[in-house]
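Here are my notes on the model, as numbered points. Please read them with the structure open.

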Amino acid sequence: MNILILQGSPRANGNTAWMAEEYRKAAESAGHKVTLVDVAHKKIAGCMACEYCHGKGNGTCVQKDDMQELYPLLAEAEVLVLAAPIYYFTMSAQIQAPIQRIYNMQKPGKLKKMALLLSSYSPNVYDGAIGEYHGIQRYWGVEDAGIVTAKIDEQKATATRDKIFQLVSRL
Ligand SMILES: Cc1cc2nc3c(=O)[nH]c(=O)nc-3n(C[C@H](O)[C@H](O)[C@H](O)COP(=O)(O)O)c2cc1C
């Protein structure tokens, strides 16, 4: 399958980046085509709610920032993986902006599945992020391809790598 991973932590060698990389490695070795985008280091502004996309923009966004690189990748993606650190009980701002900028597309056209990778310090802090993820996944009518979370003592751990491998093997 054609898999797009959005990595939303600013820490290039952090735990979220590690989870995203483990997903990429597992998926590539299973024969999938994978694109991993570090959205935290892209210049992607929030949606302006101008509705240009739903009017004379005819599906295109009026803002010409790094999101323009993501639109063709989103249009081809069959699996979208969101990888984010938990910031104040939800996904980081760095990943919220690209998620909300998908507004112009209604739904990525070829998307069939989504998965979620979350990193945090504490346990039991995932309800907000998971609620958002399921909301989007059900709104788009795509399959939930699984969630892996890693709190402080689960980060960069073999057990977490195994859980990510299991998600990929069930695609
Ligand atoms: C601004 C900010 C807010 C955070 N809020 C939470 C939180 O609400 N709950 C929690 O468990 N960890 C929180 N953390 C800790 C991060 O989620 C945790 O360190 C995570 O592993 C970072 O992932 P990374 O290594 O990919 O950057 C926060 C960290 C930052 C910088």
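**Notes on the predicted model**

1. Start with P10. It has 15 C-beta neighbours inside 10 Å, so P10 counts as partly exposed. P10 sits in the loop between strand 1 and helix 1. Remember throughout that this is a predicted model.

2. What does P10 touch, leaving aside neighbours within four places in sequence? The contacts of P10 are A40 and Q94. P10 and Q94 are 84 residues apart in sequence. In space, their C-alpha atoms are 7.8 Å apart.

3. Next, the ligand. The shell around the ligand has 16 residues, and S9, G14, T16, P85 and S122 come nearest. By class, the shell holds eight nonpolar, seven polar and one charged residues. Helix 1 and strand 3 (79–87) each supply at least two residues of this shell.

4. The largest nonpolar core has 46 residues. Within this core, I5, M19, Y23, V81, L82, A83 and L117 have the most contacts. As a general point, nonpolar side chains in soluble globular proteins tend to be buried together.

5. Look at Y23 in particular. Leaving aside neighbours within four places in sequence, Y23 is in contact with I5, V81, L117, I164 and V168. I5, V81 and L117 are also on the list of core residues with the most contacts. I164 and V168 are buried residues of helix 5, which is the next point.

6. Helix 5 covers residues 158–169. At 1.5 Å a residue, its twelve residues should span 16 Å, and the end C-alpha atoms are 16 Å apart, so the two values agree. Which residues of helix 5 are buried? They are T160, I164 and V168. These residues cover an arc of only 85 degrees around the axis, which puts them on the same side of helix 5.

7. The face of helix 5 turned away from the buried side carries exposed residues: T158, A159, D162, Q166 and S169. On the buried side, the cover includes helix 1 (15–29) and strand 6 (143–150).

8. Helix 2 (residues 67–76) can be read the same way. M67, L70 and L74 are buried. Their arc around the axis is only 50 degrees, which puts them on the same side of helix 2. Exposed residues Q68, E69 and P72 are on the face turned away from that buried side. What covers the buried residues of helix 2 includes strand 1 (2–7), strand 2 (33–38) and helix 3 (93–100).

9. Two backbone angles deserve a look. Most residues other than glycine have a negative phi. N58 is not a glycine, yet N58 has a positive phi of about 50 degrees. N58 lies in the loop between strand 2 and helix 2. Is N58 buried or exposed? N58 counts as exposed, because it has 9 C-beta neighbours inside 10 Å.

10. The other angle is at Y88. Phi of Y88 is near 45 degrees, a positive value in a residue other than glycine. Where is Y88? Y88 is in the loop between strand 3 and strand 4 (90–91). With 8 C-beta neighbours inside 10 Å, Y88 counts as exposed.

How values were computed:
Residues numbered from 1 in each chain as written. Predicted model: local features only at pLDDT ≥ 70, side-chain atom pairs only at ≥ 80, totals over all residues. Core = buried A, V, L, I, M, F, W, Y, C linked by C-beta atoms within 7 Å. Buried ≥ 20, exposed ≤ 12 C-beta atoms within 10 Å, placed from the backbone. Contact = placed C-beta atoms within 7 Å. Helix = DSSP H or I, 4+ residues; strand = E, 2+ residues; numbered from the N terminus. Expected span 1.5 Å × (residues − 1). Arc of directions from axis to C-beta. Near = placed C-beta within 6 Å. Nonpolar A, V, L, I, M, F, W, Y, C, P; charged D, E, K, R; others polar.
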